[in-house]
Amino acid sequence: MGMFNWQKKNAEVLAQGGVIAPDERLTWGQTAAMGVQHVIAMFGATVLAPILMGFDPNVAVLMSGVGTLIFFLITGGKVPSYLGSSFAFIGVVIAATGYAGGGLNGNLGVALGGIVACGVVYIVIGVIVQIIGIGWIERLMPPVVTGSVVAVIGLNLASVPIKNMAPTNFDAWMQAITFLCVGAVAVFTRGMAQRLLILLGLIAASVIYTVLTNGLGLGKPLDLSGIAAAAWLGLPMFSAPVFSAPAMLLIAPVAVILVAENLGHIKAVTAMTGRNLDPYLGRAFIGDGVATVVSGAAGGTGVTTYAENIGVMAATKIYSTAVFVLAALIAVLLGFSPKFGAVIQAIPLPVMGGVSIVVFGLIAVAGARIWVDNKVDFSDNRNLIVAAITLILGTGDFTLRFGGFALGGIGTATFGAVLLWALLGRSTK
């Protein structure tokens, strides 16, 4: 009876446009509807990242669900977040494996070993935060550093869709049509449709691609035979990690980026809910780290808290963590559907390339937004130099070699930003 009254009260709060807090619960029907909405919100990016790295999308979606459940348990259900495929891994995974795009990554095991190592580093950081607090991270990575590092992720990846995903002139034009479709959804729609700009833009571009290729014969026809042949239920292609020291040293530093993302997301939810989530930061880092280790051990991508889902929470004012449990269970079911995987594999390469241009650009702009939101002062030469050098190191893929080990663009930019901030010391204008 008490649960019924609680749900009734929350339904009234919801109807009045009020905030549903992380520890509050809705009716089962409302929870289910919100869970589906969060699955849709995370879908585009969680599927795109593994494709760009040559991972099995089914495993990635499955492990995003498993990772979200792990995060829920470790944070005690206090932090509302969905964990999806992290784009921070794409550049370093491609560098570590030599993946050239198209099909499964032949050196997948090496990438997985690096992802597991990254998760372990992330867990260690979480344990330290749990013991001594977050102040040391905020001193090491102020907004000028985190903004620069996030921007570099997008800029470093810019050449992937442009150089590797448009082999013909028709494909290049199709990429342009795709990002125009995504842009049209972003600008001319409202509400949930606007939040699904990647998914809806991809669907619209795929329809246009089918008309131009299958209908008019202008390019490689869309092949849907794999979808018809795939079973509804079955095991995804799990893979085991291979622990290679060079790959681990290259991929493990991504933990720094994941910390910056997670920290920013939790601060955002704290501001939106009025609930202080800082005491759960250590547990949030540990939860994300454990989820990344488990995902990498099974053949999935590294995971991170998703801004897309935070956007859904901001729009709906529903922060109940029970919603994410349901969303995670739906993702697990999708992961065990080969037919779902076949649909993903059928997406035309240039359409995926056009979507990638948008996504990587949005990541770069997200870094700039961190600067704006935190009012980073670029009249201060310390801020100016840190940002300027970091952006060029990452965009130009500046590489340092230590014997047989090479630290590429995102790695040199990440460490460079942290070290520059520390070495330049007291700021001067």
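Reader: Which residues does Gly409 touch, not counting residues up to four places away in sequence?
Author: Touching is a matter of contact, which requires heavy atoms within 4.5 Å. Once residues up to four places away in sequence are set aside, Gly409 touches Asn156, Leu393, Gly394, Asp397, Phe398 and Thr399.

Reader: What pLDDT do local features need here?
Author: Residues are numbered from 1 along each chain as its sequence is written, and side-chain values use heavy atoms, with hydrogens and water left out. This is a predicted model, in which totals for chains, interfaces and linings use all residues, side-chain atom pairs count only at pLDDT 80 or more, and local features need pLDDT of at least 70.

Reader: Is Gly409 buried or exposed, and at what relative accessible area?
Author: Gly409 has its place in helix H21, residues 409-423, where helices (H or I, at least four residues) and strands (E, at least two) are DSSP runs numbered from the N terminus. Buried stands for under 20% relative accessible area, exposed for over 50% and partly exposed for the range in between, with a 1.4 Å probe and protein chains only. Gly409 is therefore buried, its relative accessible area being 1%.

Reader: Where does Asp397, one of the residues that Gly409 touches, lie?
Author: Asp397 is not a glycine, yet it has a positive phi of about 55 degrees. Its relative accessible area of 42% makes Asp397 partly exposed. Asp397 lies in the loop between H20 and strand S3 (400-402).

Reader: Which loop holds Lys375?
Author: Lys375 too is not a glycine, and it has a positive phi of about 55 degrees. At 71% relative accessibility, Lys375 counts as exposed. Lys375 is found in the loop between H19 and helix H20 (381-395).

Reader: Are H3 and H15 roughly parallel or roughly antiparallel?
Author: The axes of H3 (residues 57-74) and H15 (residues 281-298) come within 8 Å and cross at roughly 150 degrees. Axes are lines fitted to C-alpha atoms, for helices over the stretch in contact, with angles from 0 to 180 degrees between N-to-C directions. Angles under 35 degrees count as roughly parallel, over 145 as roughly antiparallel, 65 to 115 as roughly perpendicular and the rest as oblique. The crossing angle therefore makes H3, relative to H15, roughly antiparallel.

Reader: Which residues does Ala298 touch, not counting residues up to four places away in sequence?
Author: Ala298 lies in helix H15 and is buried, with a relative accessible area of 15%. Leaving out residues up to four places away in sequence, Ala298 touches Val59, Met63, Phe238 and Ser239.

Reader: How do the residues of the contact of H11 with H19 divide?
Author: The axes of H11 (residues 197-215) and H19 (residues 349-373) come within 9 Å and cross at roughly 150 degrees, which makes H11 roughly antiparallel to H19. The pairing brings Ile198, Leu202, Ala205, Ser206 and Tyr209 in H11 to Pro350, Val351, Met352, Val355, Val358 and Val359 in H19. The residues of this contact divide into 10 nonpolar, 1 polar and no charged.

Reader: What is the relative accessible area of Thr305?
Author: Thr305 has its place in strand S2, residues 303-305. Beyond four places in sequence, the residues that Thr305 touches include Phe71, Tyr82, Glu261, His265 and Asp288. Thr305 is buried, and its relative accessible area is 1%.

Notes:
Nonpolar A, V, L, I, M, F, W, Y, C, P; charged D, E, K, R; others polar.
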